[in-house]
Amino acid sequence: MRRFFESKPGYDADLFAEAQALADDGLDREFVLGLFPDDAEWLAGLLDFSAELKEAIASEPPSYYFEGSLKSKFLAAGRKAARAAEPQPVFALSQMRTVAASMSVALSAAVVGVITLGFVTAGSAVPGDWNYSFKLANERLEYTLSRGDSRIDIQYRQAETRTHEVRVLSARGSVTPADLASLERDARALADLAKTQNLDDGQQQRGLAIANAALAVIVQSTQKQPALAIPAAAAAAAVSEAATALLPVPSATAAVTASSTPEPTATATVTATETPLATATPQPTATSTPPATPEPTATPSPSSTAKPSPPASPSPSPSPSPTPSPTSEAGSPSPSATAAQ
Amino acid sequence: MANQPVDTVAPEFDERAVVEAAQRGDQRALSELYEYYFPKIYRYVNARLANSEDAEDVTTEIFLRMIDNVGSFQFRGLPFGAWVFRIARNEVVSFVRRQKVRGVSQELHESIPDGGPDLTLAIETQLTIAVVREATERLPEAQRQVITLRFGAGLSVAETAEALKKTENNVKVLQHKAIAKLQTMVQRD
């Protein structure tokens with residue numbers, strides 16, 4: 001009764017909770033009840049019942065099999081969840097950017113390397129080699145950047161190179177019509193050069209040497225590859241034309257001598273003596289290209305330059321006028337003709 | 001197991017470290033958590049349900065739910081144990097609800113446990129459990145929750161309050177009323 005009036009609402013609940021907590025901690029029942037002497041009577045009944053309750057619940061343990069199998073399931077599920085939670089190797093934007101930059105740098109380096117290698121090794125390339133285009137590009141650049149005599153020198157050198165390439169290919173037996181066409185183009189360029197530029201003796205001699213070498217190569221290639229007869233004939237014609245154009249022209253001296261002395265025949269004779277060099281050159285074309293006779297036979301025109309020599313025979317005639325007429329036929333001595341007129 | 005002192009104060013290990021390791025999939029940490037919580041959970045569930053088969057099923061569900069969600073658990077004021085018992089309580093409640101919907105009778109059966117050393121003692125104990133279960137079923141839900149968590153799982157008042165989202169005073173009052181009522185019912189039966 002005293003407790004009923006003294007206690008606050010929830011007092012019994014607090015007291016029981018406190019006593020129960022001490023009992024849960026393993027303290028002896030009598031010890032716990034001794035801490036609450038005024039309430040020990042009713043607390044004892046509740047504590048005893050709660051102890052029985054706990055014992056009853058705990059008396060039905062799980063089977064070992066269930067405990068073990070559930071543990072296996074639990075751990076397996078944990079492994080699976082951990083694998084699922086693992087961050088997948090994804091490429092972040094920055095990583096992709098780095099990879100792209102690296103690849104572009106590597107690609108650029110490879111391109112630069114190939115170009116450099118191509119240019120470095122292009123010197124000895126022949127048509128059909130992987131780096132031949134580098135060689136042509138190099139030559140084109142060299143030609144474009146050159147002026148005056150150096151450009152002439154470069155043209156000669158390139159013509160020599162074409163000749164050398166065809167020689168190499170001919171030795172392999174792999175000359176193509178395109179190679180001969182290339183040689184033909186260079187020969188025509190040399191002819192134009194001879195016509196448009198005032199070449200000195202050295203340049204003329206060098207040009208003639210190139211023409212001779214080119215004709216020899218053309219003959220060699222047609223001997224090895226008879227199927228190349230037609231393009232070879234065209235190339236030989238172009239080379240012969242170039243050789244004709246490159247022949248040293250005595251026009252200036254002829255003009256001078258014609259104007260000064262009434263008998264310029266001597267100089268004309270020199271010209272005639274010089275011609276054998278040119279007349280010798282057409283010889284291969286005549287032998288090598290029998291089917292193409294129409295063209296090559298026309299080319300030996302240089303030999304027709306020897307025509308001036310017959311007019312030399314009328315040298316007894318005092319008038320120098322006959323000299324200009326044959327030169328006009330040949331074409332090149334035209335200045336002398338004008339000078340004579 | 002009956003004589004095993006119930007530790008309701010704190011786990012014997014650094015719970016936070018163990019839980020964080022378990023979240024990374026550490027098998028040892030998961031094993032520690034299992035060893036610690038399995039007896040408590042099982043006793044709680046077994047006290048709430050009519051038979052051990054149901055208790056095993058529900059306990060399995062609880063642990064699988066726990067492992068599925070442990071990665072998302074964060075220490076934000078709620079102890080891990082309270083989080084675990086909220087899962088347990090939800091599973092038990094939903095199981096009981098499903099059983100009621102299906103109309104399954106919750107009759108208490110008197111099965112003899114396997115491997116008991118003294119058959120007579122086992123039968124007496126089983127009867128006591130049956131009586132306790134039957135009496136517990138007659139308690140209001142809130143009191144039943146408190147009783148099973150406090151005396152089944154062995155949680156402290158504070159832990160029970162956390163698990164049930166109630167105040168400690170509320171839990172103390174519910175505990176006192178439930179024990180007093182059960183005592184009366186059992187003595188009367």
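**First stop: a helix pair**

Select residues 27-48 and 52-69 of chain B: these are helices H2 and H3, which pack at an angle of about 135° with their axes 9 Å apart. Helices here are DSSP runs (H or I, at least four residues), numbered from the N terminus; axes are lines fitted to C-alpha atoms over the stretch in contact, with angles from 0 to 180 degrees between N-to-C directions. That angle makes H2(B) oblique to H3(B), oblique being whatever is left after under 35 degrees (roughly parallel), over 145 (roughly antiparallel) and 65 to 115 (roughly perpendicular).

A word on the ground rules: this is a predicted model, where local features need pLDDT of at least 70, side-chain atom pairs count only at pLDDT 80 or more, and totals for chains, interfaces and linings use all residues. Residues are numbered from 1 along each chain as its sequence is written, while chains are lettered from A and ligands numbered from 1 in the order in which they are written.

Now show Ile41(B), Tyr42(B), Val45(B) and Asn46(B) on H2(B); across from them, Ser52(B), Ala55(B), Val58(B), Thr59(B) and Ile62(B) on H3(B) make the contact (C-beta atoms, placed from the backbone, within 7 Å).

**Next: Val45(B)**

Center on Val45(B), which touches Ala55(B), Val58(B), Thr59(B), Ala88(B) and Val92(B), leaving aside residues up to four places away in sequence.

**Last: where the chains meet**

Color by chain: the contact takes 45 residues from chain B and 37 from chain A. On the chain B side, H2, H3, H5 (119-137), H6 (141-153) and H8 (168-188) each supply at least two residues.

Note on methods: Contact = placed C-beta atoms within 7 Å.
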